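Please keep the structure open beside them as you read.

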Amino acid sequence: MTRAIGGMRDDEFAGQSAIVTGGGTGIGRATALALASRGASVTLASRKVENLESVAKEIDACGGYAAVVPTDVRVPDQLQNLIGRHVEAFGSCDVLVNCAGGTYIAPLEEWTLEQWAKMFDLNLRSVFVTMQAVAPMMRAAGGGSIVNVSSRAAGNPTPEVAPYGAAKAGVEYLTATMAAAWGSSGIRVNCVRVGVIESEGYRQAMATAGRDPAEGGKSCALGRVGRPAEVADAILFLASSASSFITGQTLAVDGGGLADYQGVWE
């Protein structure tokens, strides 16, 4: 049984299709499952096909339908292929969720220009390319909803992930800019700024750093690490008709900020 979220219907996305980048794990997986549970047909994209196929099986088991398109979002041609494959399968795109992203930890002075470029390709350029690609079909259909995923690092000085934070700040700027540009066409663009979420990427980053994953809970007012499904709920709200008069906004889903916050990983 699906959980009620705001004024959202259980079949809120029936007859609609969605693209979810980063859909094989963490927040992306939770979002794809939530969209499918409310009727959406979902195209799943990430680099690891085994993760995508696992999520697709979960969606199929619940009576939904998912297409799997292995994609490295750092490569523009692969993103164009993703959009094309989605259109072949479903005809158009009603919802786009840009969830692919991530970082690693290094002292600020050790970041190279090559690593900086990789962070921007993964976390910012991919968002611009996918939004630009789906906008014409959303405009032709009379509208659509785009939800991007940012990070608390976008607004909190975090030297060990500085290029990542700068890229995520760019995502929030693009969100507001694209919303202003496309609002008259019925295209809404919003963003969620996440805090510490217990995803596969977060656990891996903490293990690499030799730190206890529970440490992340100390950085928020609620005193615990968040769950991917809690972010997915916010994404669904922003993608749904329950938020029909909201666009250009970044919603913090971070358990409440504290001044001594020191790091974040999706």
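1. Two strands are said to pair if DSSP finds at least two bridges between them. Helices (H or I, at least four residues) and strands (E, at least two) are DSSP runs, numbered from the N terminus. With that settled, strand E4 (residues 95-98) and strand E5 (residues 144-151) pair in the parallel sense over four bridges. Within this pair, Asn 98 stands opposite Asn 148 in E5.

2. A word on the basis of these notes. This is a predicted model, in which local features need pLDDT of at least 70 and side-chain atom pairs count only at pLDDT 80 or more, while totals for chains, interfaces and linings use all residues. Residues are numbered from 1 along each chain as its sequence is written, and side-chain values use heavy atoms, with hydrogens and water left out.

3. E5 also has E6 (187-194) as a parallel partner, and eight bridges join the two strands. Ile 146 stands opposite Val 189 in E6. From E5 the chain crosses through H5 to E6, and this β-α-β crossover is right-handed; the term applies if, with the strands pointing away from the viewer, the path from the first strand over the helix to the second runs clockwise. E4, H4 and E5 likewise make a right-handed β-α-β unit.

4. How much of E5 is buried? Eight of its eight residues are, where buried means under 20% relative accessible area, exposed over 50%, and partly exposed in between (1.4 Å probe, protein chains only). In a regular strand the side chains alternate between the two faces of the sheet. For E5, one side carries Gly 144, Ile 146, Asn 148 and Ser 150 and the other Ser 145, Val 147, Val 149 and Ser 151, with both faces covered.

5. Strand E1 (residues 17-21) is mostly covered too: five of its five residues are buried. Ser 17, Ile 19 and Thr 21 point one way, and Ala 18 and Val 20 point the other. E1 pairs with strand E2 (residues 41-46) in the parallel sense over five bridges, and the chain crosses from E1 to E2 through helix H1 (residues 26-37) in a right-handed β-α-β crossover. E1 also pairs with E4 in the parallel sense, over four bridges, and here Val 20 stands opposite Val 97.

6. Thr 21 deserves a look of its own. Thr 21 counts as buried because its relative accessibility is 2%. In E2, its bridge partner is Ala 45. Leaving aside neighbours within four places in sequence, Thr 21 is in contact (heavy atoms within 4.5 Å) with Ala 45, Val 73, Leu 82, Val 97, Asn 98, Cys 99 and Ala 100. A polar atom of the Thr 21 side chain lies 3.1 Å from the backbone nitrogen of Ala 100.

7. Now the interior. A nonpolar core is a set of buried Ala, Val, Leu, Ile, Met, Phe, Trp, Tyr and Cys residues joined through side-chain atoms within 4.5 Å. The largest one here has 36 residues, and Leu 96, Met 131, Val 134, Ile 146, Trp 182 and Val 189 touch the most other members. Helix H3 (76-90), helix H4 (113-141), helix H5 (162-182) and strand E6 each supply at least two residues, with the largest share, eleven residues, coming from H4. A second, separate core of 32 residues includes Phe 13, Leu 35, Ala 40 and Leu 238.

8. Met 131 sits in helix H4 and is buried, with a relative accessible area of 0%. Leaving aside neighbours within four places in sequence, its contacts are Leu 96, Asn 98, Ile 146, Asn 148, Leu 174, Met 178, Trp 182 and Val 189. Val 134, not counting residues up to four places away, touches Ile 19, Ile 83, Cys 93, Leu 96 and Ile 146.

9. Finally, which residues of helix H6 (residues 200-208) are buried? They are Tyr 202, Ala 205 and Met 206. Seen down the axis of H6, the buried residues fall within an arc of 95 degrees (taken from the directions from the helix axis to the C-beta atoms), so they line one face of the helix. The face turned away from that side carries the exposed residues Gln 204, Ala 207 and Thr 208. Just after H6, Gly 210 takes a positive phi of about 70 degrees.

Notes
Polar contact = N/O pair within 3.5 Å; in protein donor to acceptor, adjacent residues only side chain to side chain.
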